[in-house]
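Here is a friendly briefing to read alongside the model. Have the sequence and the 3D view open, and follow the topics one by one.

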Amino acid sequence: MTETNIHHALGLHMHQPPGNLRLLIEANPREAEEIMRCYERAIRYAERYRDVARLHVGFSGVLLEQLLDPEVIDRYRHLVDIPAMLQRYRDAENIELIGMGYYHPIFPLISRADWSEQLERGRAIMERVFGRTPQGFWPPELAFTVEMIPDLVAAGYEYVVVDGVRVRPEDGINDGFRPYVACYEGVCIGIVPRDRDLSNAQAGGLDLPWFQDEVCWRASGSPRPEARRLVTSWSDGENGTWFRQMHEPSGFFGRFFEPYMEAIRAGTCPITPVCLTPYVSALRPLPHARFQATTWSAGSDCSDDLSRWAGNARQCEAVAKVRHLSDRYWDLCRAKPTGGYEVAADAMVRARRLILEAETSCFLFWGEAWLPHLYARTQPAELALDEAEHAVSPV
């Protein structure tokens, strides 16, 4: 095999909003098939090239919840045996599974009081389905701030993938080809810079000659070309025609991934695929870096911490509504009820699930188009909180 100091961490992000797999198989069976085959295709190619392929695959908790749903399993059975597919992911030692928040929330936008539960529930369902807990974390919508670090570390994460252009090395040398460590309030975590340009190419279409030339050229011009170089590319794994292409030779895996892995086997590729957990561990201690909060299309008035984000007034109102309901929920948890425990507990459970569901990023991503899905959760959540308050109020 070709000797190289250039290493590549390739990541795929998988997510569907609540109930979407049921909806699609009813309303758009063709799209449903395209998406489901994306999940199966990734594990099939990982198995085909188990000797050389190294992949990172992240599943949101709410996607796994749907893949465990007996009705979804039955409705997609003619396309994919979902339980068998999940078992294959469980058994694939060359796939590093990556964690997310359970309902795929934009963490900087939601109440901080909800962070730990989104993290813990997302991590727990990964362990339940795959028998292993993820060490790396993918921030939904790549929305990350250093304030998240203590919660990530408390949940058990060792590193987080971040937008590389936001990393500010403390030594002043802007080197995006190595991992770093970032700290907040004395708690530290590894951060892996995602290469924005290569990730965009991965999402939209690329071939092996271009990828090799681009990575090698950029690594040779990096601040430490003689050191171990790490390039990280990450994209959705089930969105866009490039990944959903049913003619496999024309899509990501047939057009790019297969030739890539064949070149690795032949010893002609100057790049080595790696999994991040062992790679980052071998490099510790890591150099320190600061992190500039990433951007996304939410509103600049939604939070004092998100002044760089842009959006519209209706989105901001929706975000404020969800945060208000979360605050009400936690206020009730801290209160000392005088009665109605059983009724209140049932209502609180219903309210909690609806609030966490309402934090799903998809409801905000599409501008105002999906806001009704958010309010379809907040309205019954508000009624459930009213019910809980009434149950524990003094007679």
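Buried means under 20% relative accessible area, exposed means over 50%, and partly exposed is in between (1.4 Å probe, protein chains only). By that rule Leu-142 is buried, because its relative accessible area is 9%. This is a predicted model, in which local features need pLDDT of at least 70 and side-chain atom pairs count only at pLDDT 80 or more, while totals for chains, interfaces and linings use all residues. Residues are numbered from 1 along each chain as its sequence is written, and side-chain values use heavy atoms, with hydrogens and water left out.

**Helix packing**

- Two packed helices are described by the angle between their axes and the distance between the axes.
- Helices (H or I, at least four residues) and strands (E, at least two) are DSSP runs, numbered from the N terminus.
- Axes are lines fitted to C-alpha atoms, for helices over the stretch in contact, and angles run from 0 to 180 degrees between N-to-C directions.
- Helix α8 (residues 196-204) and helix α9 (residues 208-220) have axes that come within 12 Å and cross at roughly 175°.
- That crossing makes α8 roughly antiparallel to α9; angles over 145 degrees count as roughly antiparallel, under 35 as roughly parallel, 65 to 115 as roughly perpendicular and the rest as oblique.
- On the α8 side, Asp-197, Leu-198 and Ala-201 meet Trp-210, Phe-211, Glu-214, Val-215 and Arg-218 of α9, where contact means heavy atoms within 4.5 Å.
- Sorted by class, the contact of α8 with α9 has five nonpolar, no polar and three charged residues. Here Ala, Val, Leu, Ile, Met, Phe, Trp, Tyr, Cys and Pro count as nonpolar, Asp, Glu, Lys and Arg as charged, and the others, Gly among them, as polar.
- The axes of helix α5 (residues 82-91) and helix α6 (residues 115-130) come within 9 Å and cross at roughly 100°, and α5 and α6 are therefore roughly perpendicular to each other.
- Leu-86, Tyr-89 and Arg-90 of α5 make this contact with Arg-128, Val-129 and Phe-130 of α6; by class, there are four nonpolar, no polar and two charged residues.

**Aromatic rings**

- The structure holds 24 aromatic pairs. Rings of Phe, Tyr and Trp (its six-membered ring) pair if their centres lie within 6.5 Å, and planes under 30 degrees apart count as stacked, over 60 as edge-to-face and the rest as tilted.
- Phe-211 and Phe-256 form an edge-to-face pair, because their ring centres are 5.2 Å apart and their planes are at 75°.
- This pair links distant parts of the chain, with Phe-211 in helix α9 and Phe-256 in helix α11 (residues 252-266), 45 residues apart. Both Phe-211 and Phe-256 are buried.
- Phe-363 and Trp-370 make a tilted pair, because their ring centres are 6.5 Å apart and their planes are at 40°. Phe-363 counts as buried at 1% relative accessibility, whereas Trp-370 is partly exposed at 24%.
- A cluster linked by ring pairs takes in Tyr-45, Tyr-49, Phe-211, Trp-242, Phe-243, Phe-252, Phe-253, Phe-256, Phe-257 and Tyr-260.

**Charges over rings**

- Arg-48 lies over the face of Tyr-45, at 4.4 Å from the ring centre, and Arg-123 lies over the face of Tyr-157, at 4.9 Å from the ring centre.
- A charge sits over a ring if NZ of Lys or CZ of Arg is within 6 Å of the ring centre and within 35 degrees of the ring normal.

**A closer look at Phe-211**

- Phe-211 has a relative accessible area of 2% and is therefore buried.
- Leaving aside neighbours within four places in sequence, Phe-211 is in contact with His-8, Leu-198, Leu-206, Phe-256, Tyr-260 and Ile-271.
- Phe-211 and Tyr-260 are 49 residues apart in sequence and 9.3 Å apart in space, C-alpha to C-alpha.

**Loops and backbone**

- Asp-171 sits in the loop between β6 (167-169) and β7 (180-184) and is partly exposed, with a relative accessible area of 41%.
- Beyond neighbours within four places in sequence, Asp-171 is in contact with Arg-178 and Arg-224.
- A cis peptide bond joins Arg-284 and Pro-285, with omega about 5°; Pro-285 lies in the loop between α12 (276-283) and β11 (289-291).
- His-104, in the loop between β3 (95-99) and α6, has phi near 55°, a positive value in a residue other than glycine.
- Leu-142, in the loop between β4 (136-137) and α7 (149-155), also has a positive phi, near 55°.
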